[in-house]
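Dear colleague,

I am passing on a structure for you to look over, and I have set out below what came out of going through it. Please read the notes with the model open beside them.

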Amino acid sequence: MTDASQIAVDVRDAVKRYGDFTALQKISLSIRDNEFFTLLGPSGCGKTTLLRMIAGFEDVSEGGIFLYGEEIENLPPHQRPVNTVFQNYALFPHMTILDNVGFGLEMRGASKSEARRRAGEMLDLVQLSQFASRKPAQLSGGQQQRVALARALAPSPKVLLLDEPLSALDLKLRKAMQIELKHIQRETGITFIFVTHDQEEALTMSDRIAVMSAGRMQQLGAPQDIYEAPRNMFVADFIGETNLLEVSVDAIEAGRATCHLGGGHELTCNAVDEVKRGARVHMSIRPERLFLSEHPTESESLKGTIVENIFIGTDITTIIDLAEGPNFTVRTSNSDRGTKRIFEPGAQAYVNMEHGAARLLVD
């Protein structure tokens, strides 16, 4: 149970309407103080709308938003102790980096010397002190992103909102900045609320993730819980890669469900309270929780024919066709090639799964 004083942002049954269209439908969540919290979902799911409501750029149609216990609905954006980093860094091209970072502080009433001192501290934090006298055009995209971050942190906001700030960066730089952002969040102790459509980005940085779709929150939890125990088909399919199988629940006994996949194939897995005997639902099995062998093992084993091997650098993805049943995707790390056989297309093999790999979903 989290103490109320530890809640930075409390969203209570928030609804956002644009005319007849409802963009957000009764969203409720509590974001903890000093937490790296991520709103994750595809384009149009409502995550940026929610962020803008917290910032004050969008009104709340129903419900309320509280910051450290105080309702902020009637506060204009400039009076809220939050700051925002956007996709477009919006740096002033004619100003030096130091002046860009200090500009907002001067607008808030700080003296020029105080603004420059604080701006220098922020440039130290993002490791750009040596570029203080340069103009934005003289910096790389990643460096400009860090300047925008320093500028947003300079007024010491209680909450920092980040709207897909890494989306314009190339893959390698984006991965480096993910680690850098998490480091800065821990060092400053400021609550970060991060918006992204990138699942790996969310898993890498977040303390907790709210997965959103069509204006609703689908699941809220720690990255490992979201990945290993997706609640429904959308979350299982959106977060990482999975084998998504339609099954019928034939029996439930002692907390275990026996499920039929078609073609005479059966699997057992942990039962789910919301799923009853006779239900037709979906099952999720992550490819890395499966392995191939020449013979059945003591774990769940299903026989099939190898269709294709796909080399993807760190892993090999194998497609295996179960006779009169579904196809399975199995992922094998390249580091295991010396201990695990790679079956060629056309070969017969058994798909075996780790204990607890199969999970029933609440559709």
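Lys182 is buried, at a relative accessible area of 9%, where buried means under 20% relative accessible area, exposed over 50% and partly exposed in between, with a 1.4 Å probe and protein chains only. This lysine lies in helix H5, residues 171-188, and, if neighbours within four places in sequence are left aside, Lys182 is in contact with Phe36, Met205 and Asp207, contact meaning heavy atoms within 4.5 Å.

Some conventions before the rest. The model is predicted, so local features need pLDDT of at least 70 and side-chain atom pairs count only at pLDDT 80 or more, while totals for chains, interfaces and linings use all residues. Residues are numbered from 1 along each chain as its sequence is written, and side-chain values use heavy atoms, with hydrogens and water left out.

The chain as a whole

The chain has 8 helices and 20 strands; these are DSSP runs numbered from the N terminus, helices being H or I of at least four residues and strands E of at least two. Along the principal axes, the C-alpha atoms fill a box of roughly 75 × 45 × 35 Å. Of the 363 residues in the chain, 48% are buried, and among contacts between residues at least 6 apart in sequence, 66% join residues at least 24 apart.

S1 and S2 pair in the antiparallel sense over 8 bridges, and the bridge partner of Asp10 in S2 is Ser30. The hairpin of S1 and S2 has 2 residues between the strands, and Gly19 takes a positive phi there, near 65°. Strand S1 (residues 7-18) is also joined to strand S4 (residues 62-67), by 5 bridges and in antiparallel fashion, with Val9 standing opposite Leu67 in S4.

Ile65, found in strand S4, counts as buried at 2% relative accessibility. Not counting residues up to four places away in sequence, Ile65 touches Val9, Asp10, Val11, Met53, Ile54, Val60, Glu70, Glu71, Ile72 and Glu73. Ile65 and Gln6, which are 59 residues apart in sequence, are 15 Å apart in space from C-alpha to C-alpha.

Strand S7 (residues 159-163) and strand S8 (residues 191-196) run parallel and are joined by 5 bridges, and the bridge partner of Val159 in S8 is Thr191.

Helix H2 (residues 97-107) and H4 have axes that come within 7 Å and cross at roughly 30°. That makes H2 roughly parallel to H4, since angles under 35 degrees count as roughly parallel, over 145 as roughly antiparallel, 65 to 115 as roughly perpendicular and the rest as oblique. The contact is made by Ile97, Asn100 and Val101 of H2 and by Val147, Ala150 and Arg151 of H4.

The buried residues of H2 are Ile97, Leu98, Asn100, Val101, Gly102 and Leu105, and they pack against helix H3 (112-125) as well as H4. After H2 comes Gly109, whose phi is positive, near 105°.

Note on methods
Pairing = 2+ DSSP bridges. Axes fitted to C-alpha atoms, helices over the stretch in contact; angles between N-to-C directions.
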